[in-house]
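Please look at the sequence and the 3D structure shown below, and keep both in view while reading this briefing.

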Amino acid sequence: MTELELPPGFRQLKRLGHSPLSEVFLVRDPGGAQRALKLLRPSVASDPRVLERWRRESQPLKEIDHPNLVRSFGELEVGARPGPPWSVCPAWSAQARCWRR
């Protein structure tokens, strides 16, 4: 597993997944809560067009607070890679919500 240089108080737990543009890690924040940290891949993090699109698309998520959506907790910079930490929804919880409907 790639070891991230996280801000003080954050601790990397495991890698959750990846896409061509990003990687998602499970981290623990300074308050002890688990967060999903989605970071741009180093190969695209220096492209100004990708950075602008990334920031533009993540901005609305910072403003939404709804019980049926994961919540964004601002933005972190890990190396030169921006990424929002999100609330974590356990798979069993999401599946249970779907079956109740």
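Read along the sequence, the chain runs β-β-β-α-α-β-β-β-α, which comprises three helices and six strands; helices (H or I, at least four residues) and strands (E, at least two) are DSSP runs, numbered from the N terminus. This is a predicted model, in which local features need pLDDT of at least 70 and side-chain atom pairs count only at pLDDT 80 or more, while totals for chains, interfaces and linings use all residues. Residues are numbered from 1 along each chain as its sequence is written, and side-chain values use heavy atoms, with hydrogens and water left out.

**Surface and burial**
- Of the 101 residues of the chain, 30% count as buried, where buried means under 20% relative accessible area, exposed over 50%, and partly exposed in between (1.4 Å probe, protein chains only).
- The chain exposes about 6,900 Å², and carbon and sulfur atoms supply 55% of this area, which is computed by the Shrake-Rupley method with a 1.4 Å probe.

**Nonpolar cores**
- In soluble globular proteins, nonpolar side chains tend to be buried together.
- The largest nonpolar core has eight residues, namely Leu4, Leu6, Phe25, Val27, Leu37, Leu39, Leu76 and Val78; such a core is a set of buried Ala, Val, Leu, Ile, Met, Phe, Trp, Tyr and Cys residues joined through side-chain atoms within 4.5 Å.
- Strand E2 (22-28), E3 and E4 are the elements that give two or more residues to this core.
- Apart from this core lies another, of six residues, among them Leu40, Val44, Val50 and Leu51.

**Ser72 and its contacts**
- Ser72 is found in the loop between H2 and strand E4 (76-78), and Ser72 counts as buried because its relative accessibility is 8%.
- Not counting residues up to four places away in sequence, Ser72 touches Leu61, Lys62, Pro84, Pro85 and Trp86, where contact means heavy atoms within 4.5 Å.

**The largest pocket**
- About 230 Å³ of space lies in the largest pocket; a pocket is an open set of points on a 1 Å grid over the protein atoms alone, where a 1.4 Å probe fits, with protein on both sides within 12 Å along at least five of seven lines, and lining residues have an atom within 4 Å of a point.
- Of the 13 residues that line this pocket, Lys38, Leu40, Arg53, Trp54 and Glu57 are the closest to its centre.
- Strand E3 (34-40) and helix H2 (48-63) each supply at least two lining residues, and H2 gives the most, with six.

Technical notes
Grid points are joined across faces, edges and corners, and a volume is the space filled by probe spheres set on the points.
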